[in-house]
Amino acid sequence: IEREEKKKKKKSIHINVKQKKKMIYIDIEDNGVGFPNSREKLFEPYITNKINGTGLGLAICKKITEDHNGGIELLDGVHLGGALVRIKLYKNIKEL
């Protein structure tokens, strides 16, 4: 009997911060399985795809970013092939 062993993929996260005019973009990407097609529902409280998840993490993140006139998007990863979370915030420059 031939036995096929699953190789564990090394987990990887890439964080990129960039500025465009008055906005700051924070991209957080991983090499996991990505988001489901119905990803907008993941922002609703108590919705989760994880076994031990509470479903509060993304709901809280969305509330915080919107309270700061920003936003958050769930996208398909470009470089690592997993999930990509993009946070958009207005740049606030104060001179001292």
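**View 1. The chain follows the pattern β-β-α-β-β along its sequence.** In total there are 1 helix and 4 strands. Helices (H or I, at least four residues) and strands (E, at least two) are DSSP runs, numbered from the N terminus. This is a predicted model: local features need pLDDT of at least 70, side-chain atom pairs count only at pLDDT 80 or more, and totals for chains, interfaces and linings use all residues. Residues are numbered from 1 along each chain as its sequence is written, and side-chain values use heavy atoms, with hydrogens and water left out.

**View 2. Four strands form an open sheet in the order β1-β2-β4-β3.** The pairing is antiparallel. Two strands pair if DSSP finds at least two bridges between them. Strands of a sheet pair through backbone hydrogen bonds, either parallel or antiparallel. Which strands are the edge strands? They are β1 (13–20) and β3 (71–76), and each pairs on one side only. From one strand to the next, the twist averages 20°. Angles run from 0 to 180 degrees between N-to-C directions, and axes are lines fitted to C-alpha atoms, for helices over the stretch in contact.

**View 3. Strand β3 meets β4, and helix α1 packs on the sheet.** β3 and β4 (residues 83–90) run antiparallel, joined by 6 bridges. Look for Leu-75: its bridge partner in β4 is Leu-84. Helix α1 (residues 57–67) touches β3 and β4. The direction of α1 makes about 135° with that of β3. Contact means heavy atoms within 4.5 Å.

**View 4. Lys-21 and Asn-69 each have a positive phi.** Most residues other than glycine have a negative phi. Lys-21 is not a glycine, yet its phi is about 50°. Lys-21 sits in the loop between β1 and β2 (23–30). Asn-69 has a phi near 55°. The place of Asn-69 is the loop between α1 and β3. Are these residues buried or exposed? Lys-21 is exposed, at 77% relative accessibility. Asn-69 is exposed too, with a relative accessible area of 58%. Buried means under 20% relative accessible area, exposed over 50%, partly exposed in between (1.4 Å probe, protein chains only).

**View 5. The surface of the chain comes to about 8,400 Å² of accessible area.** Carbon and sulfur atoms hold 53% of that surface. Areas come from the Shrake-Rupley method with a 1.4 Å probe; for residues, only the protein chains shown count as cover. Of the 96 residues in the chain, 22% are buried.
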